[in-house]
Amino acid sequence: MRNWPRVVIFTVCVLIQAGCGGGQSSDEIQVSAEDQSAQPAPYVVEIRAVGKSFEGPSEIPSGWTTFKFMNASNMLHFAIIDVPPEDIRAHELSDAVAAPFQEAMDAMNAGDEAVVNAAFAKFPPWIGELSRAGGPGFLSPGRMGQTTVKLEPGHYVMECYIKSDGVFHSTSPGEGQLGMLMDLTVTADRNGAPEPTADVTLEIRNTGFELVRGELASGTNTIRVDFIEQQALPSFVGNDVHVMRVDDEGSIPKTSAWMDWRTKDGLEDPGPAVFLGGINDLPEGSHGYFTVDLVPGDYAFIAEVPDPGATGFVLPFSVD
Ligand SMILES: [Cu+2]
């Protein structure tokens with residue numbers, strides 16, 4: 001998709017040549033007219049998860065941005081887009097937020113509540129200003145996910161906090177090193193991409209999911225997700241949506257129990273289900289899109305909130 005401007009330039013050159021050459025057939029003119037009216041292409045940014053690292057561009061233009069998330073690792077990952085206060089970069093998020101989260105997690109596993117509270121007390125004053133701008137949802141190894149959000153100019157950090165052996169992927173693996181945290185600057189240049197069109201619309205409220213328009217089918221589905229409501233739960237998470245495969249009757253209860261990061265097995269790789277992507281938290285009143293390829297079978301929309309099955313945040317569906 002990055003070659004799109006070249007295609008436009010090429011088309012314009014062809015039109016100029018056709019105009020200068022004269023004598024072209026009406027068929028050729030017809031083809032040129034179709035080219036001119038072609039829809040602008042989406043702006044695609046490729047992000048790769050390799051081992052416990054992200055690879056991708058450090059700077060992109062603003063506007064509707066389609067993240068093509070390639071999970072080239074043997075672990076489950078996602079890529080939530082954090083919106084930190086203006087001067088905060090990934091290294092500061094790593095030291096000031098990811099490190100205390102890991103201390104708290106270790107203390108939770110050890111059952112030491114005093115140390116848990118001491119770890120949370122280390123959060124910086126600006127933690128309350130952290131917000132989220134979506135990003136690709138849970139994606140099993142070897143898969144590709146596609147998630148589109150409208151990004152305004154500013155500074156963002158992509159993050160994955162799945163755990164391996166009790167350690168969040170966002171936790172620094174060593175002094176001065178970043179875990180799965182990646183700076184992303186969005187410039188004032190506009191990418192010119194159109195808003196996607198959707199096959200179905202899913203609404204999210206604090207009471208759960210509702211499919212309000214369209215029908216999921218086998219093949220490629222683009223899902224518009226309207227965040228009618230957003231919430232800040234005590235576990236520091238909010239509303240989002242991911243697609244899981246339902247392989248047997250244990251899939252949903254097991255995955256629902258696994259969705260609370262505060263438990264020892266919570267969000268621990270590989271997880272109890274195959275995940276096909278989704279979209280992370282967006283602010284209340286905004287919307288984004290994600291695309292999933294479905295083969296006939298059973299699936300569910302599920303949120304990364306504590307006990308989603310009991311709170312309306314599991315919506316099973318099947319495609320023929
Ligand atoms: Cu990860």
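Leaving aside its neighbours within four places in sequence, which residues is proline 136 in contact with? In the predicted model, proline 136 contacts Phe67, Phe69, Phe78, Ala79, Ile80, Thr147, Met158, Gly278 and Asn280. The residue lies in the loop between strand E5 (131–132) and strand E6 (144–151). Proline 136 has a relative accessibility of 1% and therefore counts as buried, the limit being under 20%. Lysine 68 is 68 residues away from proline 136 along the chain, yet the C-alpha atoms of these two residues are separated by 8.2 Å.

The protein as a whole is described next. The protein contains 5 helices and 18 strands. Of its 320 residues, 48% are buried. Among contacts with a separation of 6 or more, 73% are made by residues 24 or more positions apart.

The protein donors are His77, through ND1, Cys160, through SG, and His169, through ND1, and they lie 2.1 Å from the ion. The spacing of these donor residues in sequence is H-x82-C-x8-H.

Strand E1 (residues 43–50) pairs with E3 in the parallel sense, over 7 bridges. Within this pairing, valine 45 is placed opposite phenylalanine 67 of E3. Phenylalanine 67 is also one of the residues in contact with proline 136. Strand E1 is joined as well to strand E2 (residues 53–55), by 3 bridges, and here the two strands run antiparallel. Arginine 48 is placed opposite glutamate 55 of E2. E1 and E2 form a hairpin that has 2 residues between the strands. In the turn of this hairpin, glycine 51 has a positive phi of about 60 degrees.

Two of the helices pack against each other. Two packed helices are described by the angle between their axes and the distance between the axes. For helix H3 (residues 90–110) and helix H4 (residues 113–120), the angle is about 170 degrees and the axes are 8 Å apart. Because angles over 145 degrees count as roughly antiparallel, H3 and H4 fall into that class. On the H3 side the contact is made by Pro100, Phe101, Glu103, Ala104, Ala107 and Met108. On the H4 side these residues meet Val115, Val116, Ala119 and Phe120. Sorted by class, the contact between H3 and H4 holds 9 nonpolar residues, no polar residues and 1 charged residue.

An open sheet of 4 strands is found in the order E15-E14-E17-E18, with antiparallel pairing. Which strands are the edge strands of this sheet? They are strand E15 (275–279) and strand E18 (314–319), each of which pairs on one side only. From one strand to the next, the twist averages 20 degrees. E14 is joined to E15 by 3 bridges, and the two run antiparallel. In this pair, valine 241 has isoleucine 279 of E15 as its bridge partner. E14 also pairs with E17 in the antiparallel sense, over 4 bridges, and methionine 244 is placed opposite alanine 300 of E17. Strand E17 (residues 297–302) in turn pairs with E18 over 6 bridges, again in the antiparallel sense. The bridge partner of phenylalanine 301 is leucine 315 in E18.

Helix H5 (residues 251–258) lies across E14, E15, E17 and E18. Relative to strand E14 (241–245), helix H5 runs at about 140 degrees. Of the 5 residues of E14, 4 are buried, so this strand is largely enclosed by the rest of the structure.

Note on methods: Residues numbered from 1 in each chain as written. Predicted model: local features only at pLDDT ≥ 70, side-chain atom pairs only at ≥ 80, totals over all residues. Heavy atoms only, no water. Donors = N, O, S within 2.8 Å, 3.2 Å for Na, K, Ca; no water. Pairing = 2+ DSSP bridges. Axes fitted to C-alpha atoms, helices over the stretch in contact; angles between N-to-C directions. Parallel < 35°, antiparallel > 145°, perpendicular 65-115°, else oblique. Contact = heavy atoms within 4.5 Å. Nonpolar A, V, L, I, M, F, W, Y, C, P; charged D, E, K, R; others polar. Buried < 20%, exposed > 50% of the residue type's maximum accessible area, 1.4 Å probe, protein only.
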